[in-house]
Amino acid sequence: MDKTGKFVRKPRMNAKRRNKWDPQKKFISGKRDPFPGDSSLHKNRIEKYERARKSQLNRKPFVKSKSSLHQSEVKRQTVITQAAKHDLLLPEESGFLKGDEGEDTCTITQQDIAEVVDITSASKHFNLVLKQFGPYRTNYSRNGRYLLLGGQRGHIAAIDWYTKKLHCEINVMETINDVRWLHSHTMFAVAQKKWLYIYDNLGVELHCIKQFNDVLRMEFLPYHFLLATCSSTGFLQYLDVSVGKEISATCVRAGRLNVMCQNPHNAIIHLGHSNGTVSLWSPTVKEPLVKMICHNGAVRALSVDRSGMYMATSGTDKKMTIYDLRTYKPLSSCYLPLGAGTLCHSQTGLLAAGVGNIVQVYKDAHVTAPRSPYMCLSVTPPIHGLQFCPYEDVLGVGHGGGFTSMIVPGAGEANFDGLESNPYETKKQQREWEVKALLEKIQPELITLDPTQLVEIDTATVEQKRNESLEQMGIDPTKKTPFVPRNKTKGGNSTGNVLKRKKIVAEVEKREEIKKSIAGREEKSVEEKVTEGHRSALDRFKK
Amino acid sequence: MKPAKKRGHSTPGPRAMKKMTEEVVLMEPELSASEDEDDGDAERKHQRLLDAISALGGSKRKKKSERTEASLQVSEFGISAEGVREKVCLSDLIKPIKKEKALKKMKSQLGIIKPKKSLELPMNKAEEQKILRQAAYQKSSQEVSRWKKVVTENRKAEQLVFPLNEQPLRPAPIEENLTAWKARTPLEMEIFSMLHKHKQPIVAPVLTPMEKASIKAMSLEEAKRRRIELQRARILQSYYQVKARRERKIKSKSYRKVKKKGRMKQSLKIFEELRKTNPEAALEELEKLEKDRIQERMSLKHQKTGKWAKSRAIMAKYDDEARKAMQEQLQKHKELTTKIAVVTEEKEEEEREEEEEQQEIIPDFVNDAQMSLEGANPWMTGKLRSDAKDAGTAEEAQGQVEAAAKSNEPEKEESEEEAESEEETSLREFQDRRRLRKQLGVEESLTPDSGSAAGVAAQDHAREVSQFNRMFQKMLEENKKEQKLQKKLNATAAVEEKEKKKAEVEEQKRSQEEEEDEEEDPLIIEGMDRTRTMEDLETLRTRETLEELMTPQKPPDKTPQQKPPDKTPQQKKKKAQIISAKDVLAAKAPRVHAPLLPTMMDTEEEEADEKKQKMIIKEAFAGDDVIGDFLKEKRKAIEDAKPKDICLALPGWGSWGGTNLPISAKKKRRFTLKAPPPPPRKDDKLPNVIISENRNKAFAAHQPYVPVKFQKRCENFLRTPIGSTWNPERAVQQLTAPKVVTKTGHIIEPITDDFLQKSEVQGADPTKVLEKELQQLEEKIKRETQTKDPRPQEKNKGHKKSTKSKHNNKKK
């Protein structure tokens, strides 16, 4: 069916059931099933839920395990189709802004949009004029409801921006380099002039982590409960916020690290360097997994989209380039008038760039080099923070004059998973989620370039593994200690005697070995005899 | 005899001697009877003596006495059974009393007496037990093996719910509920009673019970017929089987030959058919035939080299049959090796056209001859193809055809032509004429008969075509010239020469272009429309000015492009010096146009044009060659990842001793273990990327480890998560369903026989089902016949038969 048609029929679960509910069966009333069989699904939909592709078996399974394998395969397929069928239940659809004929969408101002749309949507566009402590770094919580603002001159504010309710507002009286929500809206980390601080949502200082000094940028990996920081001293550090432990600290050896982003697909940290390279890091590996040269000047900003396929970089050479992270090849590149200082991907793949005092949003930048932006907004320079709000068509811009919430139609994912990140969650739900998330926390060692690698089997040889363990422990646990004869007096320690004793022990060992091997052989022969039982007449020609 | 035997090897004692003498005496009368023959007598005596002596040597055999001569005195011990059987039978003794009637009774009694066999020894106890054990084992294993299927099924089952044979509860479908509805009111009751009385359907499409029964029931005749059918089918099957078995065992060579021939014919026929219906399949078939041909060509099977063939060749002089056989074989070889001409559609059409034409003008026999001539391989016939000759003759006749063809015509052919027979020449002439006529026809169609427009157009077209051809050739030549020139250019380094030649080339080119222009003019079809109107140009200009206004800095016009990476490392090294930003960094970067332009604020983002900016950047990074550094780093990473050679050379033995003495290169070379070449890197083809090839040990600790054999299977198994986080609820339930479910409060009893029967019914194979049906039918027929005429004996017989048939069936 896949070859010819697009639709794939769901495999049957078990024969017994089918017999009972035969679709062709005529009911007593004469009624007939108008749509016999299971509902068909589009192939693409099923593909979406196939986490890793089925690999072809390299040999035939044993007869015994054949049926069980088949059963499990059928089960798996049904599970996938079931999940795919649930797509029908998604209520919302996404769309984009479309201009009239001859009208460029980038000429449409925020005021125009706000005038046209409904009141709730219009209220999503707002300005916070905070000229005193500017420029601001911004961060939305994972469900998109809470907004964290950190002014460079020490101003911190946590807001529920739906209701515009202020949770806390403090001034830490020193430079703030970055702010970031932790796993929930009750805690956030602030990278201050010297140390890293953690506050709760009321502004109470919870921790001052002195192991993390001179932090410039931070990223939070939600599934691993890791806070990744990079500092001006050139260190990339990971903090496990669930246990409060430093997981790893790596010296990147590339000078000041002020460009950082995470790949939301595989939790790899991308760092941009002053020599135009971008390096990819995992906490347990002490060297970059990948290092690629992207610009003919320093890298200024980085962003990876949600699917983990496309990386946008901008450098001092004023270029903005989109790279394909599967092949590490550039897809498209364009010159921006001043070069982008900040970059950010939305959930639907829109790309926002802070260019001088202009925020430009690009659509389909990875398909073709953009000729003109999708949307534009002018703000007070410099643009310091840029982030799309999850599950909302909103782009938060932190700039010199405060904060601007910009409406970008089609930016947010239309359907949110209520159990995963729910903007409207209650306190109880939030607590429930926290417990579950902690239970499902992923270990930091599992951060790899290919997240499906966990499904694969380790193909390293036994020898390789032994060498590794040897390297790690320094001793070989399988190696036997040599026999040292006991000290004896009265000529017992003469060379000949010692040799004799050594020889005896060696002989004993040898004998045991031989015994073992003989036993093994006997077992084998017995097995062979057993197997010889069902030899057919034609088997004699085998060999 | 025993004592004699005992003393076998010792010298004969006095008693033995006495016995010997006795024996000798016993034989006396015979001796005396044959006294007259002297020499024979002596011989016999000697023989006897020898025998006697050999008898002393312990030979058990008792000498059979022979009666050589008729005599009255017959010893009762001398009776023998004529040497056929050792023992004397009772019948031999009775023979003489056969004729006497008085002894008849006794005779019959004697006839009854049979030689009674001696009773066998009772079996050894251990043996007996062994046999009993075997029988018991067989019986019990049979009993147990009946359960095998049930057991495997249960093991295979995804889920077992105990107690096993309980039906799961489920809500009854609405239809069933409706049918369970009962009439309550008196009216309803009355109606329903009426309906019931007349056995009418109560719910719409349901049949009356009578109808149902009639449909279900099978009449006796039908049952009989069905049984006959089944029997016939079975018989036919068995016949066929027997026939096939017999045919398979036939060893006759001639039979096989005939069969093979038949098969070949059949395949050819099929091929012919396929050619018409399914050309693709026919092609495949053709390939097979072609393969056969190839095989035949390779083998010496049907040639003169074989033993048989050689002998036949010798015999051929004298024997007609041998000659014939030989010829047949050769013919066969020819048949097998001749190519099968595939007639494509075009060819077929052509042929058809030709045929049509011929039908118009030329008589049939010409066609035939031509066919035969064309069909044969010209190399085989030793004659040239008519085409080449045709060209020549046509020229002679008309003198119109191109001169080029003339050169092709070799002169040899003419001499050979003469040798040809008259018939052939006449035929060829015919053909030639036909061809000429054809050509003429074509040309006539090309040349305009009148001054019609179409004719002119055709002429023009022809001219154009010829012109085009000429031009094309010219261009080809020029192209060649150019290539040559360029080669030269590459070879010579001197600039002057280059310039000169360039000038030449340019001149040539110019001249070419002129020529081409001249020639091309008539070929251009499109009109002289303006591609860009003045208005367009104007708009363009305005746009340009706008662009200039919007983007004061012009991008460098260089368009860096990703070059394909080199394969060998050496090349790479060479290239490394040349690689620039263009190679490593991204491709074309168009400028973005936006209505809003950033107003410059920061000091670093001053208003300056691109060049100035670039200069500043260059100055800032004057010291560092970013790309060079990166490439160096990459090279180093590659080197580090490579497995290293191991040098095991030690000082001493064959070299000078002492400190600070280097080990000789020869020795080093001899004792180094060369490392295997490294596996291909992931970043081999990506000059701008370094991908770490190191194994992630920390991650590997989390990976499952299974033997390589089960690797793929395990991966498939791990592919889908089973948790509720990733799956819909029902799917999770299915995925995590327990293998065995027991219901609380239910007694799980041991499995019973009826379960076994159920499984047998379920998993019966079709042949067995057929047998079963047959049996049932038989039984039914039996029952019917019984009811008609019940006879106990018949019944018994029938039963026996049926059991017998069952047995047979099982065997089959």
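Two residues are in contact when heavy atoms of each lie within 4.5 Å. In this predicted model, residues 24 or more positions apart account for 47% of the contacts in chain A with a separation of 6 or more. Chain A holds eight helices and 30 strands.

**Chain A overall**
- Chain A has 543 residues, and 47% of them count as buried.

**Sheet β3-β30-β29-β28 of chain A**
- This open sheet has four strands, in the order β3-β30-β29-β28, with antiparallel pairing.
- The edges belong to β3 (126-129) and β28 of chain A. Each has a single partner strand, so one side of each lacks a neighbour in the sheet.
- On average, neighbouring strands of this sheet are turned by 15° against each other, direction ignored.

- Strand β28 of chain A spans residues 383-388. Six of its six residues are buried, so the rest of the structure largely encloses this strand. Buried here means under 20% relative accessible area.
- β28(A) runs antiparallel to strand β29 (residues 394-399) of chain A, and five bridges join the two.
- One bridge pair sets A:Gly385 against A:Gly398 in β29(A).
- β28(A) and β29(A) form a hairpin, with five residues between the strands.
- In the turn of this hairpin, A:Tyr391 has a positive phi of about 65°.

**Sheet β12-β13-β14-β15 of chain A**
- Four strands make up this open sheet of chain A, ordered β12-β13-β14-β15 and paired antiparallel.
- At its edges stand β12 (215-221) and β15 (245-251) of chain A. Each of these two pairs with a single strand, so one side of each is left without a neighbour in the sheet.
- From one strand to the next, the twist averages 20°.
- Strands β13 (residues 226-231) and β14 (residues 235-240) of chain A pair in the antiparallel sense over five bridges.
- Within that pairing, A:Leu227 has A:Leu239 of β14(A) as its bridge partner.

**A buried loop residue, A:Asn263**
- A:Asn263 sits in the loop between β16 (259-262) and β17 (269-272) of chain A.
- Its relative accessibility is 3%, so A:Asn263 counts as buried.
- Neighbours within four places in sequence aside, A:Asn263 is in contact with A:Ile268, A:His270, A:Val304, A:Asp305, A:Gly308 and A:Leu325.

**Nonpolar surface patch on chain B**
- B:Ile646, B:Leu648, B:Phe671 and B:Leu673 form a nonpolar patch on the surface. Together they have about 360 Å² of accessible area.
- One of these residues, B:Leu673, lies in strand β3 (residues 672-673) of chain B.
- B:Leu673 has 48% relative accessibility, so it counts as partly exposed. The exposed class requires over 50%.

Methods. Residues numbered from 1 in each chain as written. Chains lettered and ligands numbered in written order. Predicted model: local features only at pLDDT ≥ 70, side-chain atom pairs only at ≥ 80, totals over all residues. Heavy atoms only, no water. Buried < 20%, exposed > 50% of the residue type's maximum accessible area, 1.4 Å probe, protein only. Pairing = 2+ DSSP bridges. Axes fitted to C-alpha atoms, helices over the stretch in contact; angles between N-to-C directions. Patch = residues over 30% accessible without salt bridge, like charges linked within 9 Å, V, L, I, M, F, W, Y side chains within 5 Å. Areas by Shrake-Rupley, 256 points an atom, 1.4 Å probe, with all protein chains shown as cover. Salt bridge = Lys/Arg side-chain N within 4 Å of Asp/Glu carboxyl O.
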